[in-house]
Amino acid sequence: DLREKGASPELQRLVSEAFISKEDGERVRIGEIEKFRKSALFDEILSAKKVYRELRFNLRLKASMFTEDESKISALGDRDILVQGVIDCIVERADGGLALYDYKTDQLTREELSDRALAEAKLQDKHKMQLGIYSMAVEKMFGRPPVSVAVYSLPLGDTVEIKITEM
């Protein structure tokens, strides 16, 4: 069990059972997995009513959502595009609320790692559009929006809430 024994024995098991190759096993950053195993997110996943992993979706969205250029918005008119994606993790909590999580491996500078506000600003700016689309997909699939949206940053070893704005 990952929680009790740690990341290294679990990695060895995955390699020995050929779930992942030896070469891929050597690429795993054990320290980041150890942080995850001790995280509040891991606790939440273990105590969840239900967990959905790698949930595929398709959404038809207005093409104009993907630009701020007024001439392009005008040229696109009312055209739709099909957006496809895969949501890393949705946790259904005991109260029925849905929490949306996406795992991120973004490299963070030493300064960002030592100043959480800088790391949060970087992750928020970089991922808010993607997670906004994922949030719309969750609402379409489940009939209700997620109560929380966050990324789990492997380098940071923690979750960062993503504030979703109207799209």
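The protein chain holds 8 helices and 5 strands (DSSP runs: helices are H or I of at least four residues, strands are E of at least two, numbered from the N terminus). This is a predicted model, where local features need pLDDT of at least 70, side-chain atom pairs count only at pLDDT 80 or more, and totals for chains, interfaces and linings use all residues. Residues are numbered from 1 along each chain as its sequence is written, and side-chain values use heavy atoms, with hydrogens and water left out.

Along the sequence the pattern runs α-α-α-α-α-β-α-β-β-α-α-β-β. The C-alpha trace spans about 55 × 40 × 30 Å along its principal axes. Of the 167 residues, 38% are buried (under 20% relative accessible area; exposed is over 50%, partly exposed in between; 1.4 Å probe, protein chains only).

Now take one helix pair. Two packed helices are described by the angle between their axes and the distance between the axes. Helix H2 (residues 7-16) packs on helix H4 (residues 30-37) at about 115 degrees, with the axes 9 Å apart. Here axes are lines fitted to C-alpha atoms, for helices over the stretch in contact, and angles run from 0 to 180 degrees between N-to-C directions. H2 brings Ala-7, Ser-8 and Leu-11 to the contact; H4 brings Ile-30, Ile-33, Glu-34 and Arg-37 (contact: heavy atoms within 4.5 Å).

H4 also has buried residues: Glu-32, Glu-34, Phe-36 and Arg-37. They pack against helix H1 (2-5), H2, helix H5 (40-46), strand E3 (98-104) and strand E4 (148-153).

Finally, look at Ile-81, in strand E2 (residues 80-92). Ile-81 counts as partly exposed because its relative accessibility is 33%.
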